Amino acid sequence: MELLSPRNIIMPDIAIIASVQRDFDYIDPIFSTKMKKSTTSIALGGNGSSIHFPSEPTNDQLVEFAGMQSLIKSCVDNAEEIKDRIHRIIFNKVKPESEEERIRQVKMDFMTVKQWFMDDIRSSKIYQKFSKYNSTKKLKPFSQAFNTFILDRNKYTHGQLCFNYPQHDYLLVYTQTPEQRQRYAHIDIPILTSYNQFYKEIRDVISEYSIIHQER
């Protein structure tokens, strides 16, 4: 399946970027709880001195903004669950021989955890019993998309959701490593839905992996 990612905006070095931040009182539509929130509106590529931002977003826009924040948080939480599930597999399969090795195991980052998992799938040839990814040819695009899943999770975790003025659609502002450059990317519901669909795809693979190992 195709995993959609936030779409980077190619900005020339001379581009002018204007932004304005606002605090506002937001009433949650589910719990009717009043919360203090903050939004940032960004205008890209215009003349900053001539941009006049509206005084504040409409209530409908604020409700949708909060909804987008919630969806992004769900993506982050789901990715963390994937990491934890594979980490538990590693703890059960690889018994550390020293305290230093145990600490290294505990501190494995998401990409390292994923790499261990894929390496084990290939070396054990357990993939041959998978219902979908039952060949190395089929595993390759899954592994590549898994890498993208982790990289996008980092954007969702550390990036900032902003309004894109004047359309009032959404931008994700994040720092690209290792260049440490600030990036601006379009983000929308189909992108987040795609991320959630691939999360379920990874869960299915982990479940199959665990079931097959139990049967051995």
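**Helix packing around α4**

In α3, Phe 110, Met 111, Lys 114, Met 118, Ile 121 and Arg 122 meet Leu 139, Phe 142, Ser 143, Phe 146, Asn 147, Phe 149, Ile 150, Leu 151 and Arg 153 of α4. To meet is to be in contact, with heavy atoms within 4.5 Å. By class, this contact of α3 with α4 holds 10 nonpolar, 2 polar and 3 charged residues. Ala, Val, Leu, Ile, Met, Phe, Trp, Tyr, Cys and Pro count as nonpolar; Asp, Glu, Lys and Arg count as charged; the others, Gly among them, count as polar.

The model is predicted: local features need pLDDT of at least 70, side-chain atom pairs count only at pLDDT 80 or more, and totals for chains, interfaces and linings use all residues. Residues are numbered from 1 along each chain as its sequence is written, and side-chain values use heavy atoms, with hydrogens and water left out.

Helix names follow DSSP runs: helices are H or I runs of at least four residues, strands are E runs of at least two, and both are numbered from the N terminus. Helix α3 covers residues 110–124. Its axis lies 10 Å from that of α4, and the two pack at an angle of about 170°. The axes are lines fitted to C-alpha atoms, for helices over the stretch in contact, and angles run from 0 to 180 degrees between N-to-C directions. The angle makes α3 roughly antiparallel to α4. Angles under 35 degrees count as roughly parallel, over 145 as roughly antiparallel, 65 to 115 as roughly perpendicular and the rest as oblique. The crossing of α3 and α4 is right-handed. Handedness is read from the near helix: turned anticlockwise from the far one by less than a right angle, the crossing is left-handed, and if clockwise, right-handed.

Now turn to α1. How do the axes of α1 and α4 cross? Helix α1 spans residues 59–93 and helix α4 spans residues 136–158. Their axes come within 9 Å and cross at roughly 130°. That makes α1 oblique to α4. The crossing of α1 past α4 is left-handed. From α1 come Ile 72, Cys 75, Val 76, Ala 79, Glu 80, Ile 82 and Ile 86; they meet Phe 146, Phe 149, Arg 153, Tyr 156 and Thr 157 of α4. This contact divides into 9 nonpolar, 1 polar and 2 charged residues.

Phe 149 sits in helix α4. Is Phe 149 buried or exposed? Its relative accessibility is 0%, so Phe 149 counts as buried. Buried means under 20% relative accessible area, exposed means over 50%, and partly exposed lies in between (1.4 Å probe, protein chains only). Setting aside neighbours within four places in sequence, Phe 149 is in contact with Leu 3, Ala 79, Phe 110, Tyr 195, Phe 198, Tyr 199 and Ile 202. Phe 65 is 84 residues from Phe 149 along the chain, and their C-alpha atoms are separated by 23 Å.

Arg 153 also lies in α4. Arg 153 counts as buried because its relative accessibility is 15%. Not counting residues up to four places away in sequence, Arg 153 touches Ala 79, Glu 80, Phe 110 and Tyr 195.

Back in α1, look at Asn 78. At 17% relative accessibility, Asn 78 is buried. Asn 78 touches Asn 196 and Tyr 199, again leaving out residues up to four places away in sequence.

Next come the cysteines. A search of the whole structure finds 0 disulfides, a disulfide being a pair of cysteine sulfur atoms within 2.5 Å. Cys 75 is in no disulfide; its nearest cysteine sulfur belongs to Cys 162 and is 17 Å away. Cys 75 is buried, at a relative accessible area of 4%. Cys 162 is buried too, at 0%.

Where is Pro 166? Pro 166 lies in the loop between β4 (160–164) and β5 (169–176). The peptide bond from Tyr 165 to Pro 166 is cis, with omega near 5°. His 168 is found in the loop between β4 and β5. His 168 is not a glycine, yet has a positive phi of about 60°. His 168 is buried, with a relative accessible area of 15%.

Ser 32 is in the loop between β2 (17–27) and β3 (34–44). Ser 32 has a positive phi of about 55°, although not a glycine. At 59% relative accessibility, Ser 32 counts as exposed.
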